[in-house]
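Please look through the structure below slowly, with the sequence beside it, and follow the explanation from one part of the chain to the next.

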Amino acid sequence: MGEAARKIDRIDTAPRWTQADADALNARFEGVDAGTMLRTLLREGNLGKVAVVSSFGTESAVLLHLVAAADRDTPVVFVDTLKMFPETLEYRDTLVQMLGFTHSEVVTPDPEMLARKDDKGLRWSYDPDGCCAIRKVEPLARAKAGLDTWISGRKAFQSVTRQNLPRFEIEDGRLKINPLGDWDKAALDAYFAAHTLPRHPLEAQGYLSIGCEPCTSKVMPGEDPRAGRWRGWDKVECGIHTISTPRGDPDDPANQPAF
């Protein structure tokens with residue numbers, strides 16, 4: 001066979017999505033309501049393998065309702081850190097069933113990693129960054145490994161660290177969609193009322209942002225909605241949306257709890 005007839009196989013290692021793609025989508029859907037945007041994107045079928053990631057917190061029902069209205073076959077991923085409030089687990093089951101999702105996935109921490117790095121289950125009390133890393137970030141990374149696109153429930157008003165949040169952004173070569181990025185609490189409350197969506201059972205008790213039980217507290221009047229997360233620590237994110245900078249090796253004896 002001559003050289004001209006030879007075909008050289010090449011593996012395309014380029015990421016599926018680039019910043020230019022995100023910029024184009026931000027421009028295309030500027031001013032378009034979140035529901036219409038999601039219906040269009042999910043029905044066009046150009047997102048590749050996609051899933052919505054939900055914490056099933058106080059505002060999660062709005063995004064889940066929008067996604068279900070667009071395509072109930074969209075997979076829903078939930079990270080169970082094994083430190084969740086029982087009410088959150090019950091709320092998850094309620095919403096998945098009520099909204100009719102056909103594919104709900106639960107990911108949990110690696111048992112071997114827990115045995116090695118958090119055998120007492122108390123890492124949250126002295127190293128919340130490390131606890132989030134093994135109980136939330138690593139499991140979600142596994143769940144996202146096969147995804148091209150994921151849908152997030154982040155909103156700019158939740159804290160100063162989330163301001164200027166675009167609808168579309170690129171993260172590790174994946175497209176990340178924030179349909180509710182520009183929604184405020186009034187818009188969320190109005191949507192809950194208009195669609196008679198159930199509230200998280202802990203919200204009425206003052207829990208405005210809900211994560212793991214040991215690291216979640218009630219929010220006082222006038223506080224940032226996420227003030228009840230990791231109260232007393234210089235920490236505002238679990239690490240899924242931002243990269244935490246460790247303050248030293250938590251496995252070093254010098255950084256272990258004193259009691």
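In this predicted model, helices H3 and H4 cross in a right-handed sense. Helix H4 covers residues 86-99, and its axis lies 10 Å from that of H3, with an angle of about 25° between the two. Because angles under 35 degrees count as roughly parallel, H3 is described as roughly parallel to H4. On the H3 side the contact is made by Ala61, Leu64, His65 and Ala68, while H4 contributes Tyr91, Leu95 and Leu99. Sorted by class, the residues of this contact are 6 nonpolar and 1 polar, with no charged residue among them.

Helix H3 also packs against helix H2, which is made of residues 34-44, and here the axes are 8 Å apart and the angle is about 45°. That angle makes H2 oblique to H3, and the crossing of H2 and H3 is right-handed. From H2, the residues Ala34, Gly35, Leu38, Arg39, Leu42 and Arg43 take part, and they touch Leu63, Leu66, Val67, Ala69 and Ala70 of H3. The contact of H2 with H3 divides into 8 nonpolar residues, 1 polar residue and 2 charged residues.

A further neighbour of H3, which spans residues 60-70, is helix H7, and the axes of H3 and H7 come within 9 Å and cross at roughly 60°. What does this make the two helices, oblique or parallel to each other? H3 and H7 are oblique to each other, and H3 passes H7 in a left-handed crossing. The residues that meet are Ala61, Val62, His65 and Leu66 in H3, and Leu188, Tyr191 and Phe192 in H7. By class, the contact of H3 with H7 holds 6 nonpolar residues, 1 polar residue and no charged ones.

The chain has 259 residues, of which 45% are buried. If we take the contacts between residues at least 6 apart in sequence, 70% of them join residues at least 24 apart.

We can now turn to charged side chains. Side chains of opposite charge can pair when their charged atoms come close.

Another salt bridge joins the side chains of Glu171 and Lys176, at 3.3 Å from N to O, and both Glu171 and Lys176 are buried. Salt bridges that share partners join Lys185, Asp189, Arg199 and Glu203 into one network.

Finally, some features of the backbone deserve attention. Most residues other than glycine have a negative phi. Leu82, although it is not a glycine, has a positive phi of about 70°. Leu82 sits in the loop between strand E2 (76-79) and H4, and because its relative accessibility is 48%, Leu82 counts as partly exposed. Asp172, also a residue other than glycine, has a positive phi near 55°. Where does Asp172 lie? Asp172 lies in the loop between strand E5 (168-171) and strand E6 (174-177), and at 67% relative accessibility Asp172 counts as exposed.

Conventions
Residues are numbered from 1 along each chain as its sequence is written. This is a predicted model: local features need pLDDT of at least 70, side-chain atom pairs count only at pLDDT 80 or more; totals for chains, interfaces and linings use all residues. Side-chain values use heavy atoms; hydrogens and water are left out. A salt bridge is a side-chain nitrogen of Lys or Arg within 4 Å of a carboxyl oxygen of Asp or Glu. Buried means under 20% relative accessible area, exposed over 50%, partly exposed in between (1.4 Å probe, protein chains only). Axes are lines fitted to C-alpha atoms, for helices over the stretch in contact, and angles run from 0 to 180 degrees between N-to-C directions. Helices (H or I, at least four residues) and strands (E, at least two) are DSSP runs, numbered from the N terminus. Angles under 35 degrees count as roughly parallel, over 145 as roughly antiparallel, 65 to 115 as roughly perpendicular and the rest as oblique. A crossing is left-handed if the near helix is turned anticlockwise from the far one by less than a right angle, and right-handed if clockwise. Contact means heavy atoms within 4.5 Å. Ala, Val, Leu, Ile, Met, Phe, Trp, Tyr, Cys and Pro count as nonpolar, Asp, Glu, Lys and Arg as charged, and the others, Gly among them, as polar.
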